[in-house]
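I set out to record a few local features of one protein chain. The entries follow the order in which I looked them up.

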Amino acid sequence: MVKLIKISSLRDPESIAQVVALRPDYVAFNFCKTSVRYMGEVDESLLSRLPRLMRKIGIFQDETPLRIAAFAGRFSLTGVELCGAESSHICELLSAEGLEVIKSFSHENIDQIERYEGVCNKFVFHFVPLYYRGETPFFVDVQHMAEPIDNPLFCGVDSCDSLERDFGCKDIVQIERLIKQYRL
C-alpha cells in the first residue's frame, strides 16, 4: 500500500535539491535554534521554489504562534510540526491560520495525546504505537519500522533525524530505498 513519505530536518541546499527530485510527499525544515539540524539563515526563495504539491513543513519547539505564523509566511510553509510542550490551543490557532498541524510524540509525552485528538491533522510517533486507537492519522519515525504497522490510521513514514550523512544532509541512496519501499 502506498504511504506518505516525509523527509525531515533538511538544511543543506544540495541535499534539499536531491531529496526534492525524489518527490516525497512532505519535506520538513528545522527552525529550532538549539537543534544541530537548525535551518539557519537560508534564502527564502529556496523553499518558495519547491513544487506546489509537495507539502513544506516547518519544525518548531516551544515557539509562539505569532513567530511560527511569521516563519510560515516568510518561507511559504504549508504546515508545521510541533515538537515541544505546545498546548492544543496553539495547535488550534495555527490550524485557523490555514496550516497543517502535526504534533510529535515520544514515550515521554504520549500520555498527553488525548489533548491533541481532533485538533491536529497528523501525529508523528517516535516509537511504534502498538496500542494507539485514537482518531488522528500518524507517521512513524522510520527508525522504528522493523515490523509492518497494522493500524488503519498509519499514513506514512518520517525520516526524522535518520538517513543522514551528516546533520541535516540526507543520504540520498537511503532516501531512494525508503521511497521505493513505501511506494510499491
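The entries below cover the ground rules, salt bridges, a helix pair, backbone angles and a surface patch.

**Ground rules.** I worked on a predicted model, in which local features need pLDDT of at least 70 and side-chain atom pairs count only at pLDDT 80 or more, while totals for chains, interfaces and linings use all residues. Residues are numbered from 1 along each chain as its sequence is written, and side-chain values use heavy atoms, with hydrogens and water left out.

**Salt bridges.** I took a salt bridge as a side-chain nitrogen of Lys or Arg within 4 Å of a carboxyl oxygen of Asp or Glu. By this rule I count seven salt bridges.

I looked up Arg 37 and found its side chain in a salt bridge with Glu 164, at 2.8 Å from N to O. Arg 37 lies in the loop between strand E2 (26-30) and helix H2 (44-48), and Glu 164 in strand E9 (residues 164-166), so the pair ties together parts that are 127 residues apart in sequence. For helices (H or I, at least four residues) and strands (E, at least two) I used DSSP runs, numbered from the N terminus. Arg 37 counts as buried because its relative accessibility is 10%; buried means under 20% relative accessible area, exposed over 50%, and partly exposed in between (1.4 Å probe, protein chains only).

Glu 164 also forms a salt bridge with Lys 170, where the closest N and O atoms are 3.6 Å apart. I noted that both Glu 164 and Lys 170 are buried.

Next I examined Glu 86 and Lys 103, whose side chains meet in a salt bridge of 3.2 Å, N to O. Glu 86 is in the loop between strand E4 (79-82) and H4 and Lys 103 is in strand E5 (residues 100-105), so this pair ties together parts that are 17 residues apart in sequence. Glu 86 is buried, with a relative accessible area of 2%, and Lys 103 is buried at 1% relative accessibility.

**Helix pair.** The axes of helix H3 (residues 65-74) and helix H4 (residues 88-96) come within 10 Å and cross at roughly 35°. I used axes as lines fitted to C-alpha atoms, for helices over the stretch in contact, with angles from 0 to 180 degrees between N-to-C directions. Pro 65, Ile 68 and Ala 69 of H3 make the contact with Ile 90, Leu 93 and Leu 94 of H4, contact being heavy atoms within 4.5 Å.

Most residues other than glycine have a negative phi. I therefore checked the exceptions, and Asp 62 has a phi near 55°, with 48% relative accessibility that makes this residue partly exposed. Asp 62 sits in the loop between strand E3 (55-60) and H3. Ser 76 likewise has a positive phi, of about 55°, although it is not a glycine. I located Ser 76 in the loop between H3 and E4.

**Surface patch.** Val 128, Leu 130 and Tyr 131 make a nonpolar surface patch of about 360 Å². Patches are made of residues with over 30% relative accessible area and no salt bridge, like charges being joined within 9 Å and nonpolar side chains (Val, Leu, Ile, Met, Phe, Trp, Tyr) within 5 Å. Accessible areas come from the Shrake-Rupley method with a 1.4 Å probe, and for residues only the protein chains shown count as cover. I found Tyr 131 exposed, at 74% relative accessibility.
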